Each structure stands twice: as C-alpha cells, then as structure tokens.
Amino acid sequence: MSRALERETMYAFVDRRVDSLCNSGRFLLWAMRGWVHAAERGRCPPQVLHRGFAAVGAAGALPDFHVAMALLAGDAVETLLLAPLPCLQISEDEAILLGLWRDFSLENAANAHATLALLAEGESVGPIAKAMGAAIDRLVATGFDMPALAAGTMTHQESPK
C-alpha cells in the first residue's frame, strides 16, 4: 500500500469534529480513547470499558476490541497517539484507526491489511485484522450502524447506536 492510500483513509476523518460522527463512530472513538486512557493509567481496559459496552448491548465485542487495541499498542511500528477523552477533534492516528474500522465494516480486507502493514509489525497484522473483524461483526450484530461510519462525511444524526 502506498502512503497515498493511508492518507486517503485518514482524510475521511482527520480534524473533523467528533460530533460529526454518527453514534457508532463516536462510540468507537470513545472506546479507543478510553482503552488508551485506562492502559496509560495502569488500569485494565476491558474492566474500565465494560459498563459502556454493556450499556449499548455490545459487551460481546469487548474481548475482540481489547485484543485489537492491545496488539496495536504493543506491536505498532510507532506509538499511536490518541487524543484525550474530552477532545472535540479527531486526531491523525484516530482518523487512521477509524478508517480501519470502516474498512472492516465494508469487508474491504485488502485496504485494512495494507494499512495495518504500515502500522504494525508483520506477524501482528493477521491477528489484529482478525480481532478487528470479529469486533466489527459483533458490533453490527448488536445493531451498530457501521455503514454510517463508512459514509465518512456524514454529519451528526441521532441513531440507536
């Protein structure tokens, strides 16, 4: 994959306001930021995030989400920098990760694997992809509107999840 494809993935989300995302996108961003926040403070991310995942009926997605985030955090070529929870803008690394979630929701494994190959060490790409794909499948099964995230330029709207 070229850097151009990575930029294309990122530009769909970077520097946008968080409230421009659909509810599913905001939840994923909250979960990613919350996972990093918990890990930085030495707390167990699944324990910290469980209540939020359970509140939207997505507790079954939490184990796969946790594995994906842990592998990304541990095997990234460069440290991924996520914004603090209250930040109103989507950062560059968050935009790339949202693009990955979007690619998995669209079953665009080629784009997702190519982006992951730039982010993580080679042997980690497959396990990260498997965990992200499983998390997306579980989120969709619980009613998350991943096509709304895939729209990329969608403005805020209220939806069940």
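These are my notebook entries on a predicted model of a protein chain.

**Ground rules.** I number residues from 1 along each chain as its sequence is written, and my side-chain values use heavy atoms, with hydrogens and water left out. Since I'm working from a predicted model, local features need pLDDT of at least 70 and side-chain atom pairs count only at pLDDT 80 or more, while totals for chains, interfaces and linings use all residues.

**Confidence.** I started with pLDDT, the predictor's confidence in each residue on a scale from 0 to 100. The chain mean is 84, and 82% of the residues reach 70 or more. Helix H3 (residues 45–55) comes out highest at 97, and helix H1 (residues 3–11) lowest at a mean of 47. I noted that pLDDT is below 50 over residues 1–10, yet that stretch has 21 contacts in the model beyond near neighbours in sequence. Residues 152–161 are also below 50, with 25 such contacts. A contact here means heavy atoms within 4.5 Å.

**Fold.** What does the secondary structure come to? I get eight helices and zero strands, so the pattern along the sequence reads α-α-α-α-α-α-α-α. For the record, helices (H or I, at least four residues) and strands (E, at least two) are DSSP runs, numbered from the N terminus. Of contacts between residues at least 6 apart in sequence, 71% join residues at least 24 apart.

**Surface.** The accessible surface is about 7700 Å², and carbon and sulfur atoms hold 55% of that. I used Shrake-Rupley areas with a 1.4 Å probe; for residues, only the protein chains shown count as cover. Buried residues account for 48% of the 161 in the chain. My cut-offs: buried is under 20% relative accessible area, exposed is over 50%, and partly exposed is in between (1.4 Å probe, protein chains only).

**Leu28.** I then picked out Leu28, which sits in helix H2 (residues 23–40). Is Leu28 buried or exposed? It counts as buried, because its relative accessibility is 1%. Leaving out residues up to four places away in sequence, Leu28 touches Leu98, Trp101, Leu139, Met146 and Leu149. I also checked Leu28 against Leu97: they are 69 residues apart in sequence, but 9.5 Å apart in space, C-alpha to C-alpha.

**Cysteines.** How many disulfides does a search of the whole structure find? I got zero, with a disulfide taken as a pair of cysteine sulfur atoms within 2.5 Å. Cys22 has a relative accessible area of 4%, so I logged it as buried. Cys87, at 29% relative accessibility, went down as partly exposed.
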